[in-house]
Amino acid sequence: MDHHQDRLALPVGTTLDRFIMRKQEDFPYATGELSQLLRDIALAAKIVNREINRSGLIDVTGAYGQQNVQGEEQQKLDVIANIRFIRALRNGGEVCTVISEEEEDMIQTGKNQGKYVVAIDPLDGSSNIDVNVSIGTIFSIYRRQSPIGQEGTQEDCLQKGVHQVAAGYIIYGSSTMLVYTTGAGVNGFTYEASLGEFFLSHPNITTPQSGSIYSINEGSANSFSEGVKQFVQYCKDQNFSARYIGSLVADFHRNLLKGGIYIYPATAKSPKGKLRLMYECNALAFIVEQAGGKASNGTKRLLEMEPTSLHERCPFYIGSTDLVDKAEEFLTKESSAVPVDEQA
Ligand code: AHG
Ligand code: MN
Ligand code: MN
């Protein structure tokens, strides 16, 4: 096709499906199951995107009237997204077991030949659903450790973040995007609703080494530890911008592209922080590292944390490497400080 024709009818670009297929060709022994699994997730994302976009028009906003296992009020869309993703994963057949923020126990798909386990936060940022603010989905994919042919086990689900084979998120924002990694860089795709396809829009995302955005819920500042308080003060002294949407995916996505740090620290109300290691932190930690950034629990590499239960929480420091290093520096000073009641 000559240049002239290109100008008359611009090429639409690379679809997610084609991109996944091409990547698969880089691995000569790949069987295509992971590729299929990623496509299943993309399909569920399109359906959830549809439900979200018309949520103001049909009766799917507001509370569902039940609490989830974490004692949090479930929104109708939390429940709908949970059903949609689990159904897509079950139908796909590549996944033996799913764990979800919205379900107390492991979900066995009945597809015991499946080689993979998925951890998912089907809808992140629930408090923003009813007010038309960006929300998201977060997922992690692990290879099962137990032999195929039987149900997945707790050990299959409770693997360290370093063992993820893929992770990603969908942001339902001013546009809908899917961002994922399989451990060879991070790529972002934007949804073109009229064609029903995700197109590669952000190839090879890298995050700035440093940045000038800090994202933390300062309403809880009274219960921050000394180290966190001092780090927040440091951000102010540097004239950083404070940005906090209250949807982790949206806060993370902005900082990934622009440079910055997101923190959900331990507080008096949530001594281990609020965010869940398996459904939220690990996936974003894998992505940020693949983009050249850093994620920590304040003192230690997040991906190295040994999970002990499905729904456990952990303090979360993630973003540009220089800023996470700086936060860790304040936290280390704090932990080596002489406790107040022992001071002379
Ligand atoms: P979820 O909607 O999946 O329960 O997650 C909500 C999380 C996260 O998205 C957000 O960053 C955080 O809660 C906000 O918490 P605060 O309101 O305490 O700041
Ligand atoms: Mn969440
Ligand atoms: Mn959620």
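**Exercise 1.** Determine which strand gives the most residues to the shell around ligand 1.

*Solution.* The model is a predicted one. Strand 5 gives the most to this shell, namely 3 residues. Strand 5 spans 116-124, and strand 13 spans 261-264; each of these strands supplies at least two residues of the shell.

**Exercise 2.** Describe the residues around ligand 1: how many are nonpolar, polar and charged, and which come nearest?

*Solution.* Begin with the number of residues around ligand 1, which is 18. Next, sort the residues of the shell by class: 6 are nonpolar, 5 are polar and 7 are charged. Finally, identify those that come nearest to ligand 1: Asp124, Gly125, Asn217, Tyr244 and Tyr264.

**Exercise 3.** Find the distances from oxygen atoms of ligand 1 to polar atoms of Asp121, Leu123 and Gly125.

*Solution.* A polar contact requires a pair of N or O atoms within 3.5 Å. For Asp121, a polar side-chain atom lies 3.0 Å from an oxygen atom of ligand 1. For Leu123, a polar backbone atom is 3.3 Å from an oxygen atom of the ligand. For Gly125, a backbone N or O atom lies 2.8 Å from a ligand oxygen atom. On its own, ligand 1 has 470 Å² of accessible area, of which the protein covers 85%.

**Exercise 4.** Explain why ligand 1 lies between domain 1 and domain 2.

*Solution.* First, locate the site: ligand 1 sits in the largest pocket. Then consider the domains, which are domain 1 (12-202) and domain 2 (213-335). Both give residues to the shell around ligand 1, and therefore the ligand lies between them.

Key: Residues are numbered from 1 along each chain as its sequence is written. Chains are lettered from A and ligands numbered from 1 in the order in which they are written. This is a predicted model: local features need pLDDT of at least 70, side-chain atom pairs count only at pLDDT 80 or more; totals for chains, interfaces and linings use all residues. Side-chain values use heavy atoms; hydrogens and water are left out. A residue is near a molecule or strand if one of its heavy atoms lies within 4 Å of it. A polar contact is a pair of N or O atoms within 3.5 Å; within protein, one must be able to donate a hydrogen and the other to accept it, and residues adjacent in sequence count only if both atoms are side-chain atoms. Accessible areas come from the Shrake-Rupley method with a 1.4 Å probe; for residues, only the protein chains shown count as cover. On a 1 Å grid over the protein atoms alone, a cavity is a set of points where a 1.4 Å probe fits but cannot get out, and a pocket is an open set with protein on both sides within 12 Å along at least five of seven lines; lining residues have an atom within 4 Å of a point. A molecule sits in a cavity or pocket if more than half of its atoms lie within 2 Å of its grid points. Helices (H or I, at least four residues) and strands (E, at least two) are DSSP runs, numbered from the N terminus. Ala, Val, Leu, Ile, Met, Phe, Trp, Tyr, Cys and Pro count as nonpolar, Asp, Glu, Lys and Arg as charged, and the others, Gly among them, as polar. Domain bounds come from an automatic or database domain assignment.
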